[in-house]
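User: I am new to this structure and would like to go through its pockets, its cavity and a few of its residues step by step. Could you take my questions in turn?

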Amino acid sequence: MPKPVLYTIGLSPPCRAVELTANALGLELERKTVNLLAGENLKPEFLKLNPKHTVPVLDDDGTIIGESHAIMIYLVRKYGKSDALYPSDIVQQARVNEALHFESGVLFARLRFITELVFFARTTEIPDDRIEYVRKAYRLLEDSLSDDFIAGREMTIADFSCISTVASTVGFIPLDKSEFPRTNAWMERMQRLPYYEQANGAGATGLGQLVVKQLADNAKA
């Protein structure tokens with residue numbers, strides 16, 4: 001059976017969340033890079049895969065899935081040796097689902113509010129209200145962290161999803177360790193994963209650096 005194919009780009013938090021999941025499962029993927037800034041996601045051949053023209057997209061021997069949370073759940077269900085990363089227990093699963101919705105509806109949405117301004121509206125600085133909006137998201141995350149991981153005592157795909165976004169955002173809106181100690185401890189816990197740097201760390205740092213560089217370039221234009 002061929003390896004599952006992941007259409008991806010390393011700077012994308014949702015793509016990196018899938019990479020973290022695959023690494024945790026010990027699953028080998030074939031990767032095809034899609035350059036969003038060059039518009040490769042708008043080419044006809046890609047739109048046939050995903051009319052929503054977003055990444056990541058998974059092609060698992062003809063099964064096409066085009067949203068990171070759905071991909072992660074699918075991979076755990078199909079390739080996981082246990083249900084630890086996405087529990088079958090209805091209560092535990094609800095906790096994970098709650099966190100996944102928080103990531104997409106709050107953490108990632110507020111990151112996009114900024115990156116769209118920087119890369120497409122060509123703003124020269126991040127507006128104060130957008131910065132405060134992100135800091136409020138940090139506070140929501142901090143207040144919800146009552147255990148070692150996002151959804152409880154065990155690591156799940158919710159942690160992969162949230163860390164991919166938060167680790168990117170702190171590159172240009174720093175997270176104060178004294179103000180958000182639980183979030184900082186959780187991030188350090190995730191960063192100790194043996195596959196973290198390759199699957200998420202490098203891309204998160206790269207996105208943060210790119211935002212800072214683009215702001216400077218916009219100011220020069």
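User: What volume does the second largest pocket have?

Analyst: This is a predicted model, and the value is computed from its atoms. For the second largest pocket, the volume comes to about 290 Å³.

User: Which element gives the largest share of the lining of the second largest pocket?

Analyst: The second largest pocket is lined by 13 residues, and the closest to its centre are R95, E98, S144, I150 and A151. By class, the lining divides into 7 nonpolar, 3 polar and 3 charged residues. The largest share, 5 residues, comes from α4.

User: Which helix gives the most to the lining of the largest pocket, and how many residues does it give?

Analyst: At least two residues of this lining come from each of α1 (13–25), α3 (68–79), α4 (90–119) and α8. By class, the lining is made up of 14 nonpolar, 9 polar and 4 charged residues. The helix that gives the most is α4, with 8 residues.

User: How many residues of each class are in the lining of the largest cavity?

Analyst: A search of the whole structure finds 1 cavity of 30 Å³ or more, and the volume of the largest cavity is about 50 Å³. Its lining consists of L107, R110, L111, V134, A137, Y138, T165, V166 and T169, with at least two residues supplied by each of α4, α5 and α6 (157–169). Sorted by class, these lining residues are 6 nonpolar, 2 polar and 1 charged.

User: Is T183 buried or exposed?

Analyst: T183 belongs to helix α7, which covers residues 181–191. Leaving aside its neighbours within four places in sequence, T183 is in contact with Y138, L141, E142, L145 and L175, and Y138 is also one of the residues lining the largest cavity. Since its relative accessible area is 0%, T183 is classed as buried.

User: What distance separates the C-alpha atoms of L215 and T169?

Analyst: T169 is one of the residues that line the largest cavity, while L215 lies in helix α8. The two residues are 46 residues apart along the chain, and their C-alpha atoms are separated by 14 Å.

User: Which feature does UniProt place at residues 2–83?

Analyst: Over residues 2–83 the chain is 38% helix and 18% strand, with the end C-alpha atoms 24 Å apart. The name for this stretch comes from an unreviewed UniProt entry, where the feature is given as "domain: GST N-terminal".

Note on methods
Residues are numbered from 1 along each chain as its sequence is written. This is a predicted model: local features need pLDDT of at least 70, side-chain atom pairs count only at pLDDT 80 or more; totals for chains, interfaces and linings use all residues. Side-chain values use heavy atoms; hydrogens and water are left out. Helices (H or I, at least four residues) and strands (E, at least two) are DSSP runs, numbered from the N terminus. UniProt positions are given in the numbering used here, feature names are shortened, and annotations may be inferred rather than shown by experiment. Ala, Val, Leu, Ile, Met, Phe, Trp, Tyr, Cys and Pro count as nonpolar, Asp, Glu, Lys and Arg as charged, and the others, Gly among them, as polar. On a 1 Å grid over the protein atoms alone, a cavity is a set of points where a 1.4 Å probe fits but cannot get out, and a pocket is an open set with protein on both sides within 12 Å along at least five of seven lines; lining residues have an atom within 4 Å of a point. Grid points are joined across faces, edges and corners, and a volume is the space filled by probe spheres set on the points. Buried means under 20% relative accessible area, exposed over 50%, partly exposed in between (1.4 Å probe, protein chains only). Contact means heavy atoms within 4.5 Å.
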